[in-house]
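Take a walk through this fold. We start with a pair of helices and then turn to the sheet.

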Amino acid sequence: MKLTIVGRQLNVWDEMKATIEQKLAKLDKYLGDDANATVTLSGKHNRKCLEITISASGVLFRSEVEDETFRTALDRAVTAIERQIRKNKTRLSRKLRSEGFVLPPSDLYDDFEEETEFHIRTKRFSIKPMSVEEAIMQMNLLEHEFFVFKDDKTNEISVVYKRRDGDYGLIVTEDE
């Protein structure tokens with residue numbers, strides 16, 4: 001796995017880099033050599049924030065954890081990603097089998113119940129073109145955490161969402 005470690009407004013010391021490499025190495029049994037991982041460390045309000053994003057064969061795994069220490073946050077984040085993989089092992093195996101996803105021995109999954117089916121509630125609504133600011137206002141009026149809309153400038157379907165830090169995010173679609 002190719003690993004990138006980023007410190008936001010802080011320097012990541014060598015001992016921490018080695019610890020991150022060691023902890024993420026345990027995920028190698030699930031992911032192929034072509035996997036890319038980015039670990040971002042930052043400090044927020046006397047709390048340590050650690051974010052792990054892994055891209056493997058077109059599938060993204062992500063975990064963001066705030067804790068009192070980076071080591072504790074790292075342990076929790078790696079456990080969360082491992083739980084994501086275990087919970088979706090059959091789907092991941094089926095989707096990624098031809099692309100190098102490795103399914104470890106089944107005894108690694110004994111303590112996790114796999115999610116076998118998704119319960120999906122479908123909503124239909126018309127989309128009118130609007131600005132990003134109008135979409136955020138509409139999302140807030142509905143008291144939702146995200147809102148799908150058609151951008152009036154680009155005519156593309158986009159999503160605005162409320163981030164945990166209180167800011168807003170915008171997802172724009174892009175063809176591969």
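A crossing is left-handed if the near helix is turned anticlockwise from the far one by less than a right angle, and right-handed if clockwise. Here, the crossing of α1 and α2 is right-handed. The model is predicted: local features need pLDDT of at least 70, side-chain atom pairs count only at pLDDT 80 or more, and totals for chains, interfaces and linings use all residues. Residues are numbered from 1 along each chain as its sequence is written, and side-chain values use heavy atoms, leaving out hydrogens and water.

Helix α1 spans residues 14–25 and helix α2 residues 70–87. Helices (H or I, at least four residues) and strands (E, at least two) are DSSP runs, numbered from the N terminus. The two helices pack at about 20 degrees, with axes 10 Å apart. Axes are lines fitted to C-alpha atoms, for helices over the stretch in contact, and angles run from 0 to 180 degrees between N-to-C directions. α1 and α2 are therefore roughly parallel (under 35 degrees; over 145 is roughly antiparallel, 65 to 115 roughly perpendicular, the rest oblique).

Now the sheet. It is open, with 4 strands in the order β1-β2-β3-β4 and mixed pairing. Two strands pair if DSSP finds at least two bridges between them. β1 (2–8) and β4 (59–67) are the edge strands, each pairing on one side only. Strand β3 (residues 47–56) runs antiparallel to β4, joined by 9 bridges. Glu-51 has Glu-64 in β4 as its bridge partner.

α2 lies across β2 (36–44), β3 and β4, where contact means heavy atoms within 4.5 Å. α2 runs at about 150 degrees to β4.
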